[in-house]
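Here are my notes on this model. Please read them with the structure open.

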Amino acid sequence: MMLFRSSAAICGALVTLALSVAVARSETRGDHSSAAVDAASGEAIVGAASTYNPFKPGKEEGGPKTASGERYDPSAWTAAIKTSLRRKFGGVGFGARPKYALVEAVGKKVIVKINDVGPLRPGRIIDFNERTMRHFDPSMDIGVIPDVKVSPLAGDNWTPGPVG
């Protein structure tokens with residue numbers, strides 16, 4: 001009887017360990033679609049999105065710095081939020097840690113790193129870098145995407161990229 005209890009305890013511990021490893025792996029891969037939706041509920045703003053590329057060849061080696069102090073990277077999953085929304089997104093500013101947001105448009109969702117701010121045109125709430133815009137508009141022909149839902153995400157343990 002004692003051998004059976006020990007075997008059952010070991011088996012239970014192994015199952016718990018396996019589940020913990022599976023959860024940890026999914027979190028590090030960015031498979032957190034339901035977590036992102038839960039963390040973003042109730043705080044969304046809706047408006048138009050456009051794209052920006054502040055890089056001017058020959059002006060700054062490695063691209064210009066964003067508000068967070070990072071260099072602009074057209075191949076990352078990043079965006080600039082409208083300056084007046086800075087507080088809603090955790091005070092994005094020079095030297096501050098970038099914040100994250102769940103962006104939903106045209107039937108797609110993506111987590112972006114908000115590492116910049118800017119005085120966007122009226123009606124626009126967010127400017128995507130090139131990679132993020134290509135996710136929503138692969139041809140880059142639309143220019144402005146209306147009715148984009150942007151929800152700030154709590155914490156900084158998010159992996160930018162497509163969700164779902």
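1. Start with strand β2, residues 78-82. Four of its five residues are buried, so the rest of the structure largely encloses this strand. Keep in mind throughout that this is a predicted model.

2. Next, the neighbours of β2. Strand β4 (residues 108-118) pairs with β2 in the parallel sense, over five bridges. Within this pairing, isoleucine 81 stands opposite valine 117 of β4.

3. β2 also pairs with strand β5, residues 124-128. These two strands run antiparallel and are joined by three bridges. Alanine 79 has phenylalanine 128 in β5 as its bridge partner.

4. Now the aromatic rings. How many aromatic pairs are there? The count comes to two. In one of them, tyrosine 52 and tyrosine 72 have ring centres 5.3 Å apart and planes at 65 degrees. Planes over 60 degrees apart count as edge-to-face, so this tyrosine pair is edge-to-face.

5. Where do the two tyrosines lie? Tyrosine 52 and tyrosine 72 both lie in the loop between β1 (45-51) and β2. They are 20 residues apart in sequence, so the pair ties together separated parts of the chain. Are these tyrosines buried or exposed? Tyrosine 52 has 15% relative accessibility and counts as buried. Tyrosine 72, at 5%, counts as buried too. The cut-off for buried is under 20%.

6. Please check the backbone at valine 106. Its phi is positive, about 40 degrees, although the residue is not a glycine. Valine 106 sits in the loop between β3 (99-105) and β4. This valine is exposed, with a relative accessible area of 54%.

7. Methionine 140 is placed in the loop between α3 (130-136) and β6 (145-153). With a relative accessible area of 27%, methionine 140 is partly exposed.

Note on methods
Residues numbered from 1 in each chain as written. Predicted model: local features only at pLDDT ≥ 70, side-chain atom pairs only at ≥ 80, totals over all residues. Heavy atoms only, no water. Buried < 20%, exposed > 50% of the residue type's maximum accessible area, 1.4 Å probe, protein only. Pairing = 2+ DSSP bridges. Phe/Tyr/Trp six-rings, centres within 6.5 Å; stacked < 30°, edge-to-face > 60°.
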